[in-house]
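Shall we walk through a few local features together? Here is the structure to look at while we go.

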Amino acid sequence: MSGFITIMLHKILLTTCFAWLLILPNSILAQTKNFTISGEVTDAKNGEELIGASIAIAELKTGTTTNAYGFYSISLPAGSYKVEISYVGYESVIKELVINQNIKLNVELKESQKALKEVVVNSDKISNNNVTQNKMSVVKIDVKQVKKIPILLGEVDIIKAIQLLPGVQAAGDGSTNFIVRGGNIDHNLVLLDEAVVYNPSHVLGFFSTFNGDAIKDFELYKGGIPAQYGGRLASVLDVHMKDGNSKKFGASGGIGILSSRLTVEAPIIKDKSSFLISGRRSYFDVFFPLSPQLSEVTAYFGDLNVKLNYAISDKDKIYLSGYFGRDDLALDEAFGFGWGNYTGTLRWNHIFSSKLFVNTSLVYSRYNYNFDINLGENLSFSRINYLNDVNIKVDGTYFLNNKNVIKFGAKANKYEFLPGRIEPIQSTSIVEAQTLPVKNAMQQDIYGSHSTKFGARSTLEYGARISIFSNIGSGRSINYVGGNPTYIENGQIKENAKDPLNPYTNYGSNEIYNTFIGFEPRINYTYVINDNSSLKGSYNRMYQYMHLIQNITASVGQEFWTPSDNYIKPQIADQVAVGYFRNFLDNKIEFSAEGYYKVLSNTIELREGADIQFNEAIEGQIVAGEGRSYGIEFFARKQSGNTTGWLGYTLSKSERRADNINKGNWYNFRFDRTHYLTFVLNQKISERVSISGNFVFATGEAFTQASQRYSLFGGEQPSIYYGSRNNARFPAYHRADVSLTLGRKKKPGRIYKNESDWVFAIYNVYGRKNAYTLSYANEEFTGVPIINKWYLFTIVPSVTYNFKF
């Protein structure tokens, strides 16, 4: 019966959504007869679709941008117009058109000028989209610029790049785990061609899963998150792989001190179908045995990106993409751990008309991890965990007219969580095989949004997302004494016992036994003061039904995902933001100042002494809390010319509170940093030589400091008493990185088909010993307790050879 009610509710919600999209105010539909220009904007050199390219109509002071597949649509009254198509780093093009019917206009942009019947505009002209577009708390960085930033061990890394933006910070020195506006590590939705990457890190988080040579475009949403995204509280990192060169064969790669990479792309049918294969592998396992200090350490990571695309017709195109990544680390074969991400996406783009674009996707994601112990024939076992995620989704965009755009979509997910399984490695092991019960869940989402321009200066986008999350069988839930997994005794949280008469409730296959429904409104508003400045505001509510349980921040397999259920409520975030945006020097310098306030509900906090290892009753180890985060972010950026870079500064506060933790009082979130300053500079000295550098300064992380040491009954081993949670700070974090790029020497007037360069970089150039963790000890001679500071890196040089042909 519950399943039938849920299905009927889904149908009602879906019908209501589409009715709302179709029944629009008469003022919207009563428009003068317009004609539509639509098409794609691509790179003339390789056929790659350009995401976010601008299409501007000067006569009407209006325009639009291409979507995630390079498609655009704009409606105009009959007449003669100059249509300007532009994209950062490419030459702008103006087409002179007479509009008296619908026109399909595909445009290729390139760096060299075209000798055709069109006017080529100087490529230095920069659009003011950051001012006029109805987007805030969103940052997009050109992958070419990311490749210039000095990064640890010379690896090109888009996550390390976004950690240099205001409102974003690393979760540890050198780590690719990141924190956004007071959220947690698992509050970030990381997408690769629409597939969720549940752990975007390699080698304890020092490298990300994203191979820069395979990435075409990425965008980070810190707030004002559109209705088509959901499932996480803090941010969305939307990454798109390259499609593959549809014009000619090409290869690129790089050889570094600890890893190398190679990318091959080529047309299958020129201008119709192409492929891309990009691989990367470390060789820690080759060099570590040569070092006496590291000979017993085994370390390896590798990943592979593949993609195929085929244009069936002018209106249909299919894409098939996949990612496969794996890490393995071990110490003397006694201890080891590993993890892997695997994704696959099959997409179909269909253009129903010049106004309606629809994308349908079938998506698969898997994240598995293991922890191995091999202490001999009698004690050897592997502990395995995994998460499977399969979904089908439909996203549509209807370009009603110049002033109104409607977006809508639906999505259905099926999840499978294995919290733990133990398997003997050797048949003689005394450890028996055992498995925790698998948890299953499903989720349905529908969304709709309407972007409308009213007057000459205002743009409003409003919409909502409805999410329905259900726990389903087969599986079981624990019944506790008193109905709750925990109870309070003398101010301490204790784990409740199972009901001795009825310890479990079992559920049949696909039986729904618990459901949550979330309503997630989204609003974005922009008021354009003039061509150079604007005011913006946004509000979004986000629901998160999946939670990462961990007691450490490094990705070492000591973690697992678990769904919301009878006892664990979904986390909720409400965020409001306002901002002022201003451009200077003909849009060459962008400036923004944004303030935000975020409220978190049902946050997941580990109780004191929590046991999360191979524990079915995980709900007894956590406490539901609340959080708040607020701050102001300043950002100035220059993207053109020989000198590029940005300056970012964040002043913020992030706190948490939970019952019976810190006596119920507010306490600093671990990653609360009052000040966070970043500076990135790239200087092109000549066609062959460029230098880059960046600097980071941040308030130290919060931690819980011991306040007393005492002995009971004269015991020799004193006990340590800790004060209020996160009552102290690590020393301030700061470092500077530099790099020098030497390109191939070129003779004037000669055309080179091959490109190559050497990149010499130094991470932490002045050797700052930034604290990674702290530990307590006694001074050797006096016995006075002291705190030891442990750090990971001082000066780390690297050299990389890059090539492309």
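Q: Where does D445 sit in the secondary structure?
A: This is a predicted model, in which local features need pLDDT of at least 70, side-chain atom pairs count only at pLDDT 80 or more, and totals for chains, interfaces and linings use all residues. Residues are numbered from 1 along each chain as its sequence is written, and side-chain values use heavy atoms, with hydrogens and water left out. Helices (H or I, at least four residues) and strands (E, at least two) are DSSP runs numbered from the N terminus. On that numbering, D445 belongs to strand β29, residues 439-454.

Q: Is D445 buried or exposed?
A: Buried means under 20% relative accessible area, exposed over 50%, and partly exposed in between, with a 1.4 Å probe and protein chains only. The relative accessible area of D445 is 5%, so D445 counts as buried.

Q: Which side chain joins that of D445 in a polar contact?
A: Contact means heavy atoms within 4.5 Å; leaving aside neighbours within four places in sequence, D445 is in contact with G409, A410, K411, R465, I466 and S467. A polar contact is a pair of N or O atoms within 3.5 Å; within protein, one must be able to donate a hydrogen and the other to accept it, and residues adjacent in sequence count only if both atoms are side-chain atoms. At 3.4 Å, the side chain that makes such a contact with D445 is that of R465.

Q: How many bridges join β39 to β40?
A: Two strands pair if DSSP finds at least two bridges between them. β39 (residues 571-584) also pairs with β36 (residues 533-544), antiparallel over 12 bridges, and there Y539 stands opposite V576. Strand β40 (residues 589-606) runs antiparallel to β39, and the number of bridges joining them is 13.

Q: What is the phi of N587, in the loop between β39 and β40?
A: β39 and β40 form a hairpin with 4 residues between them, and L585 in the turn has a positive phi of about 55°. N587 lies in the loop between these strands and is buried, because its relative accessibility is 13%. Most residues other than glycine have a negative phi. The phi of N587 is positive, near 70°.

Q: Which residue is joined to G473 by a cis peptide bond?
A: Most peptide bonds are trans. Here omega is about 5°, and the bond is cis.
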